[in-house]
Amino acid sequence: MTHIARYAPRLSGWPADLALRIVALSDIHACRPFMDERRLAGICAEANGLAPDLILLLGDYAPGPRFSQPLPPKIWAGALAQLAAPLGVHAVLGNHDYERHRDQRVAQRPTAAETALAAAGIDVYINRAVRIGMGERGFWLAGLGDQYAFMPKGRRNYVRGLGADDLEGTLAQVTSDEPIILMAHEPDLFPDTPERVALTLSGHTHAGQISLFGRTPVVPSRHGSRYVHGHFSAGRKQLIVSAGLGYSGLPLRIGTRPELVLIELGEPRP
């Protein structure tokens with residue numbers, strides 16, 4: 001069984017009587033043998049078993065770590081097609097989903113991950129915001145292009161302008177005062193998000209993947225370990241960072257564990 005990280009944040013502007021259950025999956029890194037189609041199918045069944053209203057996929061679907069064999073996009077996307085929720089399955093891309101798109105001159109061409117997700121019937125958000133109705137009320141779901149999309153391979157230091165993200169343009173699509181949930185693969189932009197964004201959901205860090213005596217030596221973020229994993233608040237806005245499901249670099253986790261994220265908004269269900 002996959003560990004379930006449970007959160008019940010009280011969001012600014014979220015009606016207490018508007019119950020919403022979200023399940024988020026991040027950093028799958030599909031590959032054989034570490035995250036093959038059988039394991040991925042089991043994770044999807046577990047996610048469905050949590051009875052979510054909404055399922056969010058936070059990027060980095062492939063490739064896997066060293067010593068692994070890539071799982072073809074058609075295979076991993078076919079497994080993700082098993083996910084089901086009344087308000088839909090929605091996705092953003094991660095930095096690894098751009099590995100063959102490093103040059104910004106090819107930024108307009110869909111990545112293999114985007115194409116595979118769309119073929120599986122999963123809606124992909126790249127700097128897009130959509131209102132999701134729940135009766136007469138609703139909320140906005142926004143998704144950013146990846147902030148590290150065109151970083152040179154092997155470079156660890158964040159460089160502004162080498163991403164596919166457009167936060168301002170994304171939020172400009174919001175046309176009501178209803179709350180906003182933002183999908184952003186990396187948590188790096190959280191300090192820059194306006195308080196108009198009630199909740200940001202991210203992955204990317206793998207909770208450090210290796211945590212020794214409470215320290216995470218390698219975190220791929222310009223903020224270091226500041227937003228490595230868990231729930232964070234700044235004024236009226238909040239951030240939840242998933243530890244993810246797969247591996248990057250080495251197929252090894254020490255002091256961290258893969259997880260599904262379950263978020264309950266509004267009054268909890270009986």
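Tutor: A term to begin with: a crossing is left-handed if the near helix is turned anticlockwise from the far one by less than a right angle, and right-handed if clockwise. Helices (H or I, at least four residues) and strands (E, at least two) are DSSP runs, numbered from the N terminus. This is a predicted model, where local features need pLDDT of at least 70 and side-chain atom pairs count only at pLDDT 80 or more, while totals for chains, interfaces and linings use all residues. Residues are numbered from 1 along each chain as its sequence is written, and side-chain values use heavy atoms, with hydrogens and water left out.

Student: Which hand is the crossing of helix 2 and helix 3?

Tutor: The crossing of these two helices is right-handed.

Student: Which residues of helix 2 and helix 3 make the contact?

Tutor: Helix 2 brings P73, W76, A77 and L80, and helix 3 brings A112, A113, A116 and L117; contact means heavy atoms within 4.5 Å.

Student: Changing topic: how many residues of strand 13 are buried?

Tutor: Five of five in strand 13 (residues 237–241), where buried means under 20% relative accessible area, exposed over 50% and partly exposed in between (1.4 Å probe, protein chains only).

Student: Which of them point which way?

Tutor: K237, L239 and V241 point one way, Q238 and I240 the other. In a regular strand the side chains alternate between the two faces of the sheet.

Student: In which sense does strand 12 pair with strand 13?

Tutor: Antiparallel, over five bridges; two strands pair if DSSP finds at least two bridges between them. G230 has V241 as its bridge partner.

Student: And strand 11, in which sense?

Tutor: Strand 11 (residues 197–202) pairs with strand 13 in the parallel sense over four bridges, and T200 stands opposite L239.
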